[in-house]
Amino acid sequence: MKNLPLLSVLIPTYNSSKDTNNLLEKLQCQTYKNLEVVIVDDSSDLPFELTKVYTFPCKVIRHEANKGLFEARRTGFKHSNGDLIVFLDSDDNVSCDWIRSLVYKQIKTKCDIVIGDFLLEKEGGFYFFSRSELWQTDFRSSSKIIFDKVIFQEGLDFSWTVVWNKIYKRSLIEKVYSLIPICSTNLVMCEDILLSVVAYFFAKEICNTHNNFYFYNKRNLTSSTGNASSLSKITKNIDDIIFVFETLTNILSENLTIIQKNKLTRWRDRIIVMWIKESKRHFNSPTARKIIKDYSLKLFNKISSFKQSEEVYFYKEERFDCFAYENIKKQISGSTIVTFDVFDTLIQRPFWNPSDIFELLNVYAQKIFSLTDTIDFSIYRKKAEKLTRNKVYKLYRRNEVTLDEIYQTLSQEFGFDQTLLDNIKDYEINLEKKFVYARESGLELFELARHLDKDVFIISDMYLPQNVIKEILYKIGVQDVEVRVSSSNFKTKSSGEAYEFLKGLGVPFEKILHIGDNYESDFEKAKAIGFNAALLPKAVDVFQGAYRDLYEGRVFNKVYEEGFALVDSRQSMNFFSTRCQLALVANQFFDNPYRSNNRSDFLSSHFLAGFMCLGMLNFGMCTWLEEKIRGNGYKSINFVARDGWLTMRCFQMLTEDLAKDYKVNYFPVSRRALLPLYYRTKQDKLNLINSFKLQNLKVSEILLIFDEFISREAKLRIEEFLRREKVTYEAFLSYKQLLEFLSEITPFDEKPNLFKEKYKNFFHKFFDETSVTFDVGYSCRTEYILKKLFGFEKINCLYFHLNNDKPLQRAQEASIDVQEFYPFTPFVKGTIRELVLSEVGPTCLSYKFDKEEIQPVYGEIDLSVSQQIALNLMHDGCLRFIEQIKRQFKDHKKEILLFRPFESSYPFEYFLNYSSFTDKENFEIFEFEDAFEKAKMQNLIDLWQEQVPRAITKTNELFSSDGKKSTKFAKALYWYITDKNIFKSKLKNKIQNEKLYSIVRWLNRKILKI
């Protein structure tokens, strides 16, 4: 790539000469050379001086007085000349290709900000924040989308707002500094937030990139957030926080919504509360207490509203051990010649086996040959290749064949017409060109080799013609390079002959590097000759556990090799569609095989768990839904809120071209909203209280639900009743009180006919004989009551699964057609299953009249910020899978739909039943109380684990062989032996509310200093 932009590296330094010089040495080794360095000495005790001359321009600017990090960066910018800007901290470090990778991404996308990955460098190793959206996803978005994300998360994920893991356009930073006033005091807190938030707002487009690292010295994190050396330092920190957010408000206020302003305020309060808590831990003097009280009065949010579990959720560190990809880049830097394999190295395809592409020849062959019966042409194609290889080896001792030879064998051995075969051959070539897409990690290595002006060659063992390989490479941007294909020269890597030409180029063998995905032909064979070799393992191989030091492949092994439960799930691999779905998953997981994480089945990623588990599940479920709609002639489908939201989104994406054939509705409903319909007569009071547990609803909630059924006079009587009973609106009613309370509510059957007719009209929009309703399940209660009340002619229901015969009884009595996706009831059901499928949105609480029409009334979203981010990541992963499978197979819908839809649920069931504790830990922030049960909150992991069949089975086998209930001690011993993480979690949840636990914690902190 020519005419590369000048990059300015801005490094503030203060009393850190040694670290600064070390950083300069690392910059000297960067693969990107068109850079300048501006060092700003912020009035160090001993002025910083350069100790050597570097290959890049380097200037030192000195402040006569200490102005702080923010102003030091501003000074560095004023003295810089680069078109692109990067800020580095003096005691940090970067991987060898970090700058180039970000610059190339910026050149390709023209984005104003490019964000890279970073690792925490601590004693004993490197760590990453696995829960960060930046780590898990790839994006290229408008600044509005990213700005909304940053404001929404209220600073919980600090990866967004540090300045040093990004590069910026100069024009953007110029704009930012023109708006932010010069800080008269040394700004020591939130200076990164100040610059980042303004930059996000004024940028036009923002993207991120992976595979290269900024190494962040953990001492920085400790000094900025954990140092409470003096009360004056704490007050200075809080004053800085207030200044930063006041400045942000002044700059952005006219452009912020009310919600964004409130989010910004809560972000400010969140950081202040952290320092208030820090003060309380370290200082207890009257002066300190007064200062703390004064700052507390400045808060707009209660201190109690900031839960510790949410504050630390995104700070979950996981060890990063694998720097093999970085080492490959270093190998490239030290080489003179670099050669690359093609398939599964530079490009990948959505096929589990290379021969899977032949399955797509069947329909075309059927059409070409005009046969009466179906033909599996792929079998003939594979047999012909095998016969051809045997023949040419016997005749010519050749290890490679050509595509022409294979198709000649098809004619000679199986009697197919050669002219017609030529058409199929051309079709196969077009398929090969059509389905390839870049393997980004391999392409990045190729770009690095070209950037460093290495002599680059392409070597491929492939029967496709050389011109076809060149066209495939051109599609991913690889051109102007010598391509050597075994179908042209009949020399293969597997025999070693393809490497022979390298010996005659006059380059020492140790300066020649070959990169490929195959361990034998790309790695072992090249090394045996004496060349260097680097392995970029095939994604599918890593996914199924072929490289167990990278990833054990537990999901694939358990589901598709061993089989699980009573289902022989292994047989699903006999289906072309299943193999293609898994290939997409493998390629998404392991484009870069060295970002693996053996502690987790889904690489500790909500996004990847959603991509595989929810993506495959919903692809199968939507296929089933479309079959039912077409088979029964339905004209509309209702997805029930909120459980049906994600499936609806997937369905709309997959059937976008069929939107004219049927209508998709989102049906706003909930058990609470329908309570008035169950209260038809006064005799229903007891059933309403017992079946729906009204005693666990607050008075205010009951009033909201039944608002349209309480007259003005009845509301006055209820107020008098509450005063008499000394009950507040936020209190719960006793059984006896509920009976009297419900007496003031008008039963549905006693409402005027006009009133009931309007209710009927509202629901009739969703229910008629040509519509069908989809819901996760499970009771058929909604459809039953609507059919009974309004006499709808026919109601049709499609459920995820059923738990018992009650819905079938209701369906039978009311003549409702019920069908289920699962022909079985899964072990893990309820909370976790519904949670990951449901919309991250408000619940429908009730219905009210608005301009004589019924409208749903929604509550607030009942999820915290961290919970919403986690679930949205899973949903984003799911929708990415749906987008990919639709895009890849848009012209081959018939072939990709030839599978048993429910088998796509196997990864989802694995996730629920067998996933590692590391994966379950990502849900530790979720706590639940059933909407109709007044009980203490319970952590989701405990609720989840109680349903896991393997735990139940093992516990029963170990401790309940005589049929007696296991003792608490036996259960605790079982968990201690088999899974200490679960043991610790259960023990902590069991005792944390006990008084003894609080006393022990106090003793540890105050006396033992543990």
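**Exercise 1. Find out how many salt bridges a search of the whole structure gives.**

Solution. The search turns up 64 salt bridges. To count, a side-chain nitrogen of Lys or Arg has to be within 4 Å of a carboxyl oxygen of Asp or Glu. Keep in mind that this is a predicted model: local features need pLDDT of at least 70, side-chain atom pairs count only at pLDDT 80 or more, and totals for chains, interfaces and linings use all residues. Residues are numbered from 1 along each chain as its sequence is written, and side-chain values use heavy atoms, with hydrogens and water left out.

**Exercise 2. Locate the partners in the salt bridge of Glu921 with Lys316.**

Solution. First, the gap: the closest N and O atoms are 3.3 Å apart. Now the places: Glu921 belongs to helix α39 (residues 917-921), while Lys316 is in the loop between α12 (308-311) and β11 (317-320), so the pair ties together parts that are 605 residues apart in sequence. As for accessibility, Lys316 has 21% and counts as partly exposed.

**Exercise 3. Describe how helices α15 and α16 pack.**

Solution. Take the geometry first: α15 (residues 377-396) and α16 (residues 403-414) pack at an angle of about 110°, and their axes are 8 Å apart. That makes α15 roughly perpendicular to α16. (Angles of 65 to 115 degrees count as roughly perpendicular, under 35 as roughly parallel, over 145 as roughly antiparallel and the rest as oblique; axes are lines fitted to C-alpha atoms, for helices over the stretch in contact, and angles run from 0 to 180 degrees between N-to-C directions.) Then look at who meets whom: the α15 side includes Phe377, Tyr380 and Leu387, and the α16 side includes Leu403, Ile406 and Phe414. (Contact means heavy atoms within 4.5 Å.)

**Exercise 4. Check the span of helix α7, then say how many of its residues are buried.**

Solution. At 1.5 Å a residue, the 12 residues of α7 (residues 191-202) should span 16 Å, and the end C-alpha atoms are 17 Å apart, which agrees. (The expected span is 1.5 Å times one less than the number of residues.) Now count: 10 of the 12 residues are buried, so α7 is largely enclosed by the rest of the structure. Among them are Ile193, Leu194 and Leu195.

**Exercise 5. Explore the surroundings of Phe87.**

Solution. Begin with its place, which is strand β4 (residues 84-87). Phe87 is buried, with a relative accessible area of 0%. Leaving out residues up to four places away in sequence, Phe87 touches residues including Leu10, Trp164 and Leu195. Finally, Phe87 and Ile167 are 80 residues apart in sequence and 7.7 Å apart in space, C-alpha to C-alpha.

Technical notes. Helix = DSSP H or I, 4+ residues; strand = E, 2+ residues; numbered from the N terminus. Buried < 20%, exposed > 50% of the residue type's maximum accessible area, 1.4 Å probe, protein only.
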